[in-house]
Amino acid sequence: MLVILKENAQEVGKEAARMVASAVRANPKIVLGLATGSTPLGMYEELAVLHRAGSLDFSKAASFNLDEYLGLAHDHPQSFHYFMHSNFFSHVNFSPDKIHIPDGSIRSNYSEYCDGYERSIKSAGGIDLQILGIGRNGHIGFNEPNSSLASRTRLKELTRETMEDNRRFFPPGAEIPECAITMGIGTILDARRVLILATGKSKAAAVAKAIEGPISAAVSASALQLHPEVTFIIDEDAAYALTQREYYQRVLELTKKYTPEKLA
Ligand code: PGA
C-alpha cells in the first residue's frame, strides 16, 4: 500500500489525474472503474483539461461506474448517470458504448441485472484501474459497514449516516434514496490497481481505520489492505488521525526537496 500525502484537496485531484492520465497513455484500451461524489471532482476537471489540451485520448478506453441510486431515472440531476455525464463524459471523448453505469431505474430482476454487470466487467477484461472515494463510515462504493468482504455487485440498503451525508446534494424536502446498486468489495478487490482519494477532516477517522486499523467488515475500506496495488492519495486534513502522519509528511517534504533525477 502506498500513501501519498498532498497539501490540499486541489493537489489530491491533480495527483490522481496525473496517475490516471499516465495509465491511459500506457494502455489506451484501459478499463477504468469510476466513482462519483465530491472528492473526485477535481480529478475529473483536471482530466478534462488534459483532454482539451490534446494530450489525453479516451476513445479506446472503457469504464464501469461503482454504483447508482436505486429509483432515480438517468436524467435525474442527483443520479450518478447525470453526475458522470455532466462532470466528466461530456468533456472527454469516451465512446458511449464503452461507458457502463449501473441502471438505477430497473424495477425487477435485480440479482440477474447485478450478475449481468459483473459479467460485463469480466468480458471487458476486468478493471485495470479502480478509482474510489471513502465514506465517513469507511464505505467504498455503497458497501456499507458489515458488507461481506467477498461481496459482488448487488442491491444494498444505505445507512442513515450515508443518507444524511447525501442529503446535501438533494433539494430541501426531497426524498433521499434508501438503496443503491453497488459493486461489491470482492468486485473492487478484483481490479488490477486501486486509487483511493480522501480529503477533509470528516474523512480522517475512516482513513486511519482503513490504512492502520484491523481488516474488518466494520470498515469496508480496510479490505484494501489485502490488495497488492493500492494507492491512497489524501490531503493533510484527511491524514490527521494517522499515527504515521509525520512520516508521510516527511516523505512529502522530501519529494518537494529532491527532484526525481536527484533521487535516481
Ligand atoms: P464524497 O463521498 O466524495 O462526496 O465525500 C465519498 C463516498 O461516500 O464514497
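Two bridges join strand S3 (residues 62-65) to S5, and the two strands run parallel. Within this pair, Phe-64 stands opposite His-100 of S5. A strand here is a DSSP run of E with at least two residues, a helix is a run of H or I with at least four, and both are numbered from the N terminus. Two strands pair if DSSP finds at least two bridges between them.

The model is predicted: local features need pLDDT of at least 70, side-chain atom pairs count only at pLDDT 80 or more, and totals for chains, interfaces and linings use all residues. Residues are numbered from 1 along each chain as its sequence is written, and side-chain values use heavy atoms, with hydrogens and water left out.

**Sheets**

S3 and S5 belong to an open sheet of seven strands with parallel pairing, in the order S1-S10-S9-S6-S2-S3-S5. Its edge strands, S1 (2-6) and S5 (99-100), each pair on one side only.

An open sheet of three strands has antiparallel pairing and the order S4-S8-S7. Here S4 (67-69) and S7 (154-157) are the edge strands, each with pairing on one side only. Neighbouring strands of this sheet are turned by 30° against each other on average, direction ignored; the axes are lines fitted to C-alpha atoms, and angles run from 0 to 180 degrees between N-to-C directions. Three bridges link S4 to S8 (residues 179-182) in the antiparallel sense. Glu-68 has Ile-181 in S8 as its bridge partner.

**Loops**

Two asparagines have a positive phi. Asn-109, with phi near 50°, is found in the loop between S5 and helix H4 (110-123). Asn-146, with phi of about 75°, is in the loop between S6 (129-132) and S7.

**Ligand**

Which residues surround the ligand? They are Gly-37, Ser-38, Thr-39, Gly-133, Ile-134, Gly-135, His-139, Arg-168 and Lys-203, where a residue counts if one of its heavy atoms lies within 4 Å. The table gives polar contacts, which are pairs of N or O atoms within 3.5 Å.

| Side chain (polar atom) | Ligand atom and distance |
|---|---|
| Arg-168 | oxygen, 3.2 Å |

The protein covers 81% of the 280 Å² of accessible area that the ligand has on its own, by the Shrake-Rupley method with a 1.4 Å probe.

Note on methods
Polar contact = N/O pair within 3.5 Å; in protein donor to acceptor, adjacent residues only side chain to side chain.
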